[in-house]
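I opened my notebook today to look up a few residues and see who sits beside whom. Here is what I wrote down.

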Amino acid sequence: MEKEEKAILSDESPEVINYRGVKAMPFIIGNETFEKLGTIGTSSNLMVYLTSVFNIKSVTAATLINIFNGTTNMAPLLGAFLSDSYFGRFKTLALASICSLSGMTVIMLTAAISKLHPPHCGTKETELCRGPTTSQLAFLLTGFGLLIIGAGGIRPCNLAFGADQFNPATESGKRGINSFFNWYYFTFTFAVMISGTFIVYVQSNVSWALGLGIPSCLMFVSCVLFFAGSRIYVKVKPRGSPLTGVAQVLVAASKKRYLKLPDHPELSLFSHVPTNYMNSKLPHTDQFRFLDKSAIITMEDQINTDGSASNPWRLCSMQQVEEVKCLMRVIPIWASSIIYHVAIVQQHTYAVLQALQSDRHLGSFEVPAASYSIFSMLSLTIWIPIYDRIVIPFLHKLTGKEDGITLLQRMGTGIVLSVATMLVSAVIEEQRRTFARTRPTIGTAPKGGAISSMSASWLIPQLILAGLSEAFNSIGQIEFYYKQFPENMRSIAGSFFFCGIAGSNYLSGFLVSVVHQITLNGARGGDWLPEDLNKGKLDCFYYMIAALGAVNFAYFLVCSKWYRYKGGDRVEVAMETKGSRKHVV
């Protein structure tokens, strides 16, 4: 275990950093654990809460949740910028934690105080159900807004803040960082399991006020632990956002757009790199050559005595240009993640509605509808060590690559599995609806509609496929962004993943609304997405998403063939097989 270590920042800044390492971990890991328990416990059962307590129609609830999740996942990009540029990670996390606690408390109050939600409506008189008033909905959305602010600060900063507590220049510090990452993902899995079982059960079968109050209490404990360790934390000061450098390259290239590039740009263009620069040096590449113009030295450009450009908004170094190219190359690959995640989003919205209209009994116990989502996390958790210990060594022998397959190949496998997830989901839904129409039903769902006699356990295969898909694509994405972004953009890299999920949530909400309106007004078979799934064609909606996924896979293959890994053939993730110098996707 790591002892207290001291390090000096640089010759120019002789400030001594006292790394506490493991001593800070109980506070940080405790904070992470209780924060995730609170956040996931509040959000995992929102679909049921909005439809059963707030009497919101399922299509509207699905759209609202998609917008909420989309904005929650988009917010980390702004949070990362503010943290890097102005506040630093500690202050950002402190403010975000308080906002998350406030948001959970507001949502808990909507369940605990009868005047903050509409009156309950009986299942036999759904036509008399009253939706929320403007003030009730406004109070609920206030809670959502506070949760979005909290997520915007916590998600881009929590991993990096934990890693800040270890000295990366020592072996013990590196081991400590790796250990922290392992504990981080363990706490995430633990939080999903507890939230998807115990907390969801309390919400669905005991009391919504108590079920939402538990996450609020857990978040309060998280805040207490976080602030209790504030005296021993390493608090890295903000150094400015790396996005400023991206903007400088784009502006400088625009100003010099009419200039002609030299025949040998790697020899003629401005190539200054500061001596204490943290990023690895990148070779010149031919893609996005128009950006190279920002490094052309003209008569108007002035050079400082240390070799740097006097006006960085007019003259940029080739290193800076290549870093922007890294970002530009990733964007087309990132775009494929938007459609990919649409399939995964359905397992957290409409799969819950499927479970509500299926037989959820295990003997005398009725499984909460939202609890089935834990099978997705279980399959992911079980598959990761199998993949790491068995599959990768086997593929390594076949391909000669250190990781068995490239990151893009891993992500592509996840896209194929997401298409399979939708196809299986469609087949299962078709069977569930057939059972409900042709066989005796076992009751009425909270929002109306007969409960099919088909066991909800038949939803497990699609959830397992969704978990395996995420094990390949989502985890592959995180590693891909981490390795392909410049070192000083890694907080942005983490936000990139969440932005992809945000795009998926917005697209999913858009598809739900459009399909509902079109099929309601014009389709021969009627509305695909009605309140009562037995009267709809949810399977057709799933087939449509599967078709979009197939098109997305073709697009991904084209982008992968074009993509060049950062640093070219020198980067491990792009290693070719045994002597071949051809590009490997």
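I began with Phe365 and found it partly exposed, because its relative accessible area is 37% (buried is under 20%, exposed over 50%, partly exposed in between, with a 1.4 Å probe and protein chains only). I noted that this is a predicted model, where local features need pLDDT of at least 70, side-chain atom pairs count only at pLDDT 80 or more, and totals for chains, interfaces and linings use all residues. Residues are numbered from 1 along each chain as its sequence is written, and side-chain values use heavy atoms, without hydrogens and water.

Phe365 belongs to strand E4, residues 365-366 (strands are DSSP runs of at least two residues, helices of at least four, numbered from the N terminus).

Next I looked up Ser222, in helix H6, residues 208-228. Is Ser222 buried or exposed? I put it down as buried, because its relative accessibility is 0%. Its side chain makes a polar contact of 2.7 Å with that of Asn31 (a pair of N or O atoms within 3.5 Å, one able to donate a hydrogen and the other to accept it; residues adjacent in sequence count only if both atoms are side-chain atoms). Leaving aside neighbours within four places in sequence, I listed Asn31, Phe34 and Glu35 as the contacts of Ser222 (heavy atoms within 4.5 Å).

Not counting residues up to four places away in sequence, Phe144 touches Leu46, Leu50, Leu64, Phe68 and Ile107.
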